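Here's a quick briefing to read with the model open beside you.

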Amino acid sequence: MIRMENVNKFFGELHVLKDVNLQVAEGEKLVIIGPSGSGKSTTVRCMNFLEEPTSGRVFIDGKELTSHNKTKIVRESTSMVFQQFNLYPHMSVLRNLTLAPTKLHHKSKKEAEEIAFHYLDVVGLTDKAHAYPATLSGGQQQRIAIARALCAQTKIILFDEPTSALDPETIQEVLDVMIKLARENITMVVVTHEMGFARQVADRVVFMADGQIIEEGTPEHFFTNPENERVKQFLGKIIR
């Protein structure tokens, strides 16, 4: 579903991604971990051209993304959940969820609302349909953001550290929704520091450092018998 070939990304003179090669299969749950500044978020943002690679190629569902076709392919194939919730504060939850389906995907208001209520039920917040974002907790807002991504009904959902802006008490409610989604045939790429989630959900774990993929493997391999010394040091600091 996703293929990155020799992707490099510069911000000015800063070389953030260095020849990244990565493939994600249909239905796969890929978790990307690593220290801050390792290029994790830039990698996932290059997958849908929120950041355009300086060099290299990106393919979504067999189609190469270019500056000319990226909007159409990305809208059809991918949704994204960000660190910040990015909900429209002046719109109700229901309006936040139906805006893209009606404006971009040309669904009727009735159909868009049916889809919205279905995914509000999935994230456990049907009672908040007519509430406004400011009245919700951070965890609730992020669950609404996940429901919004689901309303696009794309094959791929990208998550860029979806719990990093949350209070510790609300992190688990968001992770529980993501664990529930992982049982579905959705392709998920998740950048996270939540190691328990990675162990429970991932089909494959990728470790990044200094803009490169250092090691990848199953959660069992990764957490019990990593080969790379940098990975061992990282895990030794965060897993006690």
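Gln141 sits in helix H5 (helices are DSSP runs of H or I with at least four residues, strands are E runs with at least two, both numbered from the N terminus). This is a predicted model, where local features need pLDDT of at least 70 and side-chain atom pairs count only at pLDDT 80 or more, while totals for chains, interfaces and linings use all residues. Residues are numbered from 1 along each chain as its sequence is written, and side-chain values use heavy atoms, leaving out hydrogens and water.

**Gln141**
- Gln141 counts as buried because its relative accessibility is 16% (buried is under 20% relative accessible area, exposed over 50%, partly exposed in between, with a 1.4 Å probe and protein chains only).
- Leaving aside residues up to four places away in sequence, Gln141 touches Phe85, Leu87, Pro133 and Leu136 (contact means heavy atoms within 4.5 Å).

**Largest pocket**
- The volume of the largest pocket comes to about 740 Å³ (the space filled by probe spheres set on grid points, which are joined across faces, edges and corners).
- A pocket here is an open set of points on a 1 Å grid over the protein atoms alone, where a 1.4 Å probe fits, with protein on both sides within 12 Å along at least five of seven lines; lining residues have an atom within 4 Å of a point.
- There are 25 lining residues, and Thr78, Met80, Phe82, Ala100 and Leu104 are the closest to the centre.
- Helix H2 (70-77), strand S6 (78-81), helix H3 (93-103) and helix H5 (138-151) each put at least two residues into the lining, with H3 giving the largest share, six residues.
- By type, the lining has 14 nonpolar, seven polar and four charged residues (nonpolar is Ala, Val, Leu, Ile, Met, Phe, Trp, Tyr, Cys and Pro; charged is Asp, Glu, Lys and Arg; the others, Gly among them, are polar).

**Nonpolar cores**
- In the largest nonpolar core, with 51 residues, Ile146 and Phe159 touch the most other members (a core is a set of buried Ala, Val, Leu, Ile, Met, Phe, Trp, Tyr and Cys residues joined through side-chain atoms within 4.5 Å).
- Helix H6 (residues 168-181) gives the most to this core, seven residues.
- A second, separate core has 27 residues, including Leu17 and Val206.

**Open sheet**
- Four strands form an open sheet in the order S2-S1-S4-S5, paired antiparallel (two strands pair if DSSP finds at least two bridges between them).
- Strand S2 (14-24) and strand S5 (63-64) are the edges, each pairing on one side only.
- Phe59 has Glu64 in S5 as its bridge partner.
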